[in-house]
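Here's a short tour for anyone meeting this structure for the first time. Have a look at the sequence and the model before reading on.

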Amino acid sequence: MATVHFKDKAFTQGMTSLTITKQKRTALITGASSGIGRATALLLAENGFNVILGARRKEALEDVAKKAQTFGSDVLAATLDVRNKDNATEFVQNALDHFQHIDVLINNAGLARGLTKVADQQNEEEWQDMVDTNIMGLMRMTRLVLPSMIEQNYGHIVNLGSTAGHEAYAGSSVYCATKFGVQAITTALRQELLGHAIRVTSVDPGMVETEFSMVRFSGDKDRADSVYAGTTPLTANDIADIILFAVTRKNHVNLDDIIVRPVDQASGGLVYRHS
Ligand code: NDP
Ligand code: 8X3
């Protein structure tokens, strides 16, 4: 029977004996509490993966973990702040203790904060947060998981980039820089791992309606809604679908970089609004 395992004591439940289903691949998803991470966790669970879920918000994570369990997956969920080295190290160690192997790492945790021109920026913490999360967090999780993938000579790393990693736009210099950085990291990793049976993919969406804009605009719902007004954005499920496709190709097939936009979006700032 599948069991949800919460590593945080306050959320510990169902700690009955765990049987790791050897045939199932195990996917670790960062930022699994909402949006693309949540949708991907559920779709992978539905398609036969065991899932390891991390994010900062316990309650939202618990909700995803319970839903994932209904697909018969073994689920390990624990709070994770990818900016925190000790927390991330413990998280990955617990995951490896639990499942013995991590086959897919989905570096999804990420955020934009603000839409502010450089000259107007009064709050350097926003810049620091994006760099610490989108670059340092992704690098850290990759560094922590990679040795076990190299040892088993099998694995797949999927990094969430963005169309913002291909074309910069005003007010978003640092967010775009982090996503250009994700491109650089993904490309370098693929070269570093040549000779190992480890795949490295970047999934680069345009506009996806998630909590992304609420976070970017610090909870200003009207401003967040205006991003998607009159247009048909991508959904988190659209991206999860693409990630599932990438990780279920034959082992010798590496999808390098998948750029995906809504039909209503031709470039970062060029969006067709129907009304
Ligand atoms: P959401 O805000 O809905 O989800 C972001 C997720 O990241 C949440 O689960 C959040 O969980 C988690 N997260 C944020 N900071 C941390 C942290 N320090 N440690 C661990 N988890 C963290 O946005 P999306 O689903 O849209 O974003 C997912 C990824 O997709 C991001 O990398 C984003 O840059 C990228 N992307 C998004 C696009 C869009 O238009 N929405 C387009 C292109 C790329 P919690 O707050 O609980 O920690
Ligand atoms: C998010 C897409 O266009 O808001 O990465 O930068 S965009």
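How do the residues of the shell around ligand 1 divide into nonpolar, polar and charged? They split into 13 nonpolar, 11 polar and 6 charged. Here Ala, Val, Leu, Ile, Met, Phe, Trp, Tyr, Cys and Pro count as nonpolar, Asp, Glu, Lys and Arg as charged, and the others, Gly among them, as polar.

Before going further, some ground rules: this is a predicted model, where local features need pLDDT of at least 70 and side-chain atom pairs count only at pLDDT 80 or more, while totals for chains, interfaces and linings use all residues. Residues are numbered from 1 along each chain as its sequence is written, chains are lettered from A and ligands numbered from 1 in the order in which they are written, and side-chain values use heavy atoms, with hydrogens and water left out.

**Around ligand 1**

Ligand 1 has 30 residues around it, the closest being S33, I36, R56, Y175 and T210. (A residue is near a molecule if one of its heavy atoms lies within 4 Å of it.) The table lists polar contacts of both ligands, meaning pairs of N or O atoms within 3.5 Å.

| Residue and part | Ligand atom | Distance |
|---|---|---|
| L80, backbone N or O | ligand 1, nitrogen | 3.4 Å |
| D81, polar side-chain atom | ligand 1, nitrogen | 2.9 Å |
| S162, side-chain N or O | ligand 2, oxygen | 2.6 Å |
| Y169, polar side-chain atom | ligand 2, oxygen | 2.4 Å |
| Y175, polar side-chain atom | ligand 2, oxygen | 2.5 Å |

Y175 also has a polar side-chain atom 2.7 Å from an oxygen atom of ligand 1. On its own, ligand 1 exposes 880 Å², and the protein buries 96% of that (areas by the Shrake-Rupley method with a 1.4 Å probe). The elements giving two or more residues to this shell are α1 (35–46), α5 (173–192) and α6 (212–216); helices are DSSP runs of H or I with at least four residues, strands are E runs of at least two, and both are numbered from the N terminus.

**Around ligand 2**

S162, A164, Y169, Y175, G206, F212 and R216 surround ligand 2. That shell is made of 4 nonpolar, 2 polar and 1 charged.

**A look at α5**

Helix α5 has 20 residues and reaches 28 Å from its first C-alpha to its last, close to the 28 Å expected at 1.5 Å a residue (1.5 Å times one less than the number of residues). Its buried residues include V174, Y175, C176 and T178, buried meaning under 20% relative accessible area. They pack against α4 (124–152), β6 (155–160), β7 (198–205), α6 and β10 (257–260), where contact means heavy atoms within 4.5 Å.

How values were computed: A polar contact is a pair of N or O atoms within 3.5 Å; within protein, one must be able to donate a hydrogen and the other to accept it, and residues adjacent in sequence count only if both atoms are side-chain atoms. Buried means under 20% relative accessible area, exposed over 50%, partly exposed in between (1.4 Å probe, protein chains only).
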